[in-house]
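Please walk me through this structure, starting from the terms needed to read it.

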Amino acid sequence: MRVLGIESTAHTASVGVVDETAAVLANVTDMYRPARGGIHPREAANHHVELFPDLVANALRTARVGPDAIDAIAFSQGPGLGPCLRAGATVARTLSLEWERPLVPVNHCIAHIEIARALSGLGDPLLLYASGGNTQIVAYGHGRYRVLGETLDIGVGNFLDKLWIELGGSFPGGPALEADARQGTTLHPLPYSVHGMDVAFSGLLTAAIQLHRQGVPRPDVALSVETTAYSMLTEVTERALAHRGHGSVVLGGGVACNERLRTMVRTMAEGRGATMFAPPRSLCVDNGAMIAWTGLLAVRHGRTIPVEESVVLPRQRTDQVEVPWRN
Ligand code: ATP
Ligand code: FE2
C-alpha cells in the first residue's frame, strides 16, 4: 500500500509518499519565507496554491510511481491557518476525485508524533512535541493521545520566531537563533516558567527583548534563551517520565531539530535509565511524508471521508482525535 500526503497547515507546502513499512519514497517540500515579519496567512496560501502542482508531480517522480500506484490521498485537516489548510485540502480533494482514490483526513500534531514514533521503533514512548504553534507532552491512553502538559500561551517555535524577528532577523528564527547561541559565552538569568507539566513563554519573550535592548550581545541573548526555554521543556518531560514510568521519550516537531534540546532531553532520559529518539530533521519540520504515514495508519482502520464532508478544522486538538491503530 502507498499513500500520498499533502501538508499545508502554515509556512510549508509539502507532498510525501510512503509505503506500509514507513519507508519514505518521496518528501518534497517548499517553504514560504516572508520578506519581513511573521507569516501572512493569505500570502502563504497563495504560495502553496502556486507550488502544489509541481510538488505533486515531483513527489510521484521521486517515488518512481504513477497515480495508479497510490492507494489513498491524505491531507492535513488541522490545526493550522485557515487559508493554508484550504489550499492543501483543495489539492487533496482534486486528486481524490481525479485518481478515484479515498480521501483521509489527518491531524497535523498526531502526524508529527506518528512519524517520529514509527522511525523510533518504540512501541509506547512518551512524546515531546515541540513545534511552531504547539508545545505538548503527550502519551497514548484509551484510544487517544492525551496531553499531559502543554504551553499556556504560545508554542516554543513561535516564541523563537517572534524573538528573532524582534532582534532584527527574519522567519524562521529557531535555526538562526541556534547558530547564534553557539557563539554565546555569557548566561543571563531569564524568567523560568514551569507550572506542573505546563510551560509559558510570553514572559521570557518580553525579558529577552529587554535584555537585548540593555546592550547584551545577541549571541548571549540566544544562549540564555535556549538554555532557559529548553531547560523548561526538559523539566516537564522529566516530570511526565517520572509519573508515567515510560522507558523512552521521542521528540517531534520543528523545534526537535535543535541540537541543544536533543542533548538536554537525552542526558535527562539516560540519567533515568530511559532512551531518547529524535527523527532526522527533514521529518521533524512540517512535511508531507508524516501526513502520508498517518493517513496510511488511518485508512487501514477505514477512516476515510467523502469529499463533501472534508472540511478543514483550524483549531482541532491532538486529544480530540481517535487513534484506533494504537489499540
Ligand atoms: P505546528 O506543528 O505547531 O503546527 P508548525 O507546523 O508551524 O507548527 P514546524 O515545521 O513543525 O511548525 O516547526 C517549525 C518551527 O520549528 C519554527 O518555529 C522554527 O523556528 C522551529 N525550528 C526549526 N529548526 C529549529 C532549530 N534548529 N532550533 C529551534 N527551532 C527550530
Ligand atoms: Fe508542524
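Helices and strands here are DSSP runs, numbered from the N terminus; a helix has at least four residues and a strand at least two. The model is a predicted one.

Cys284 is buried, because its relative accessibility is 0% and the cut-off for buried is under 20%. Leaving aside residues up to four places away in sequence, Cys284 touches His112, Gly253, Gly254, Ala256, Cys257, Arg262 and Pro279. Leu251 is 33 residues from Cys284 in sequence, yet their C-alpha atoms are 8.3 Å apart.

Which residues coordinate the iron ion (ligand 2)? They are His108 and His112, each through NE2, and Asp286 through OD, at 2.0 to 2.1 Å. Along the chain, the donors follow the spacing H-x3-H-x173-D. The site thus spans distant parts of the chain: His108 sits in helix H3 (residues 108-120), while Asp286 sits in the loop between strand S12 (275-277) and helix H9 (288-299), 178 residues apart.

Ideal angles for six octahedral donors are 90 or 180 degrees.

His108 has a relative accessible area of 5% and is buried. Asp286 is buried at 9%. His112 is buried too, at 1%.

His112 also belongs to helix H3. Not counting residues up to four places away in sequence, His112 touches Tyr129, Gly253, Gly254, Cys284, Val285, Asp286 and Met290. Pro279 is 167 residues from His112 along the chain; their C-alpha atoms are separated by 10.0 Å.

Now turn to a helix pair. The axes of helix H4 (residues 156-166) and helix H6 (residues 202-213) come within 10 Å and cross at roughly 25°. H4 and H6 are therefore roughly parallel to each other, since angles under 35 degrees count as such. Their crossing is right-handed. H4 brings Phe159, Lys162, Leu163 and Glu166 to the contact; H6 brings Leu204, Leu205, Ala208, Ile209 and Arg213.

After H4 comes Gly168, with a positive phi near 100°.

The backbone has other points to check. Phe171 and Pro172 are joined by a cis peptide bond, with omega about -5°. Pro172 lies in the loop between H4 and H5. Another cis bond runs from Gly78 to Pro79, with omega near -5°. Pro79 is in the loop between strand S4 (72-78) and helix H2 (82-99).

Ala22 has phi near 70°, in the loop between strand S2 (12-19) and strand S3 (24-31). His142 has phi of about 50°, in the loop between S7 and strand S8 (144-150). Are these residues buried or exposed? Ala22 is buried, at 11% relative accessible area, whereas His142 is exposed, at 78%.

Notes: Residues numbered from 1 in each chain as written. Chains lettered and ligands numbered in written order. Predicted model: local features only at pLDDT ≥ 70, side-chain atom pairs only at ≥ 80, totals over all residues. Heavy atoms only, no water. Donors = N, O, S within 2.8 Å, 3.2 Å for Na, K, Ca; no water. Buried < 20%, exposed > 50% of the residue type's maximum accessible area, 1.4 Å probe, protein only. Axes fitted to C-alpha atoms, helices over the stretch in contact; angles between N-to-C directions. Parallel < 35°, antiparallel > 145°, perpendicular 65-115°, else oblique. Left-handed = near helix turned anticlockwise from the far one by under 90°. Contact = heavy atoms within 4.5 Å.
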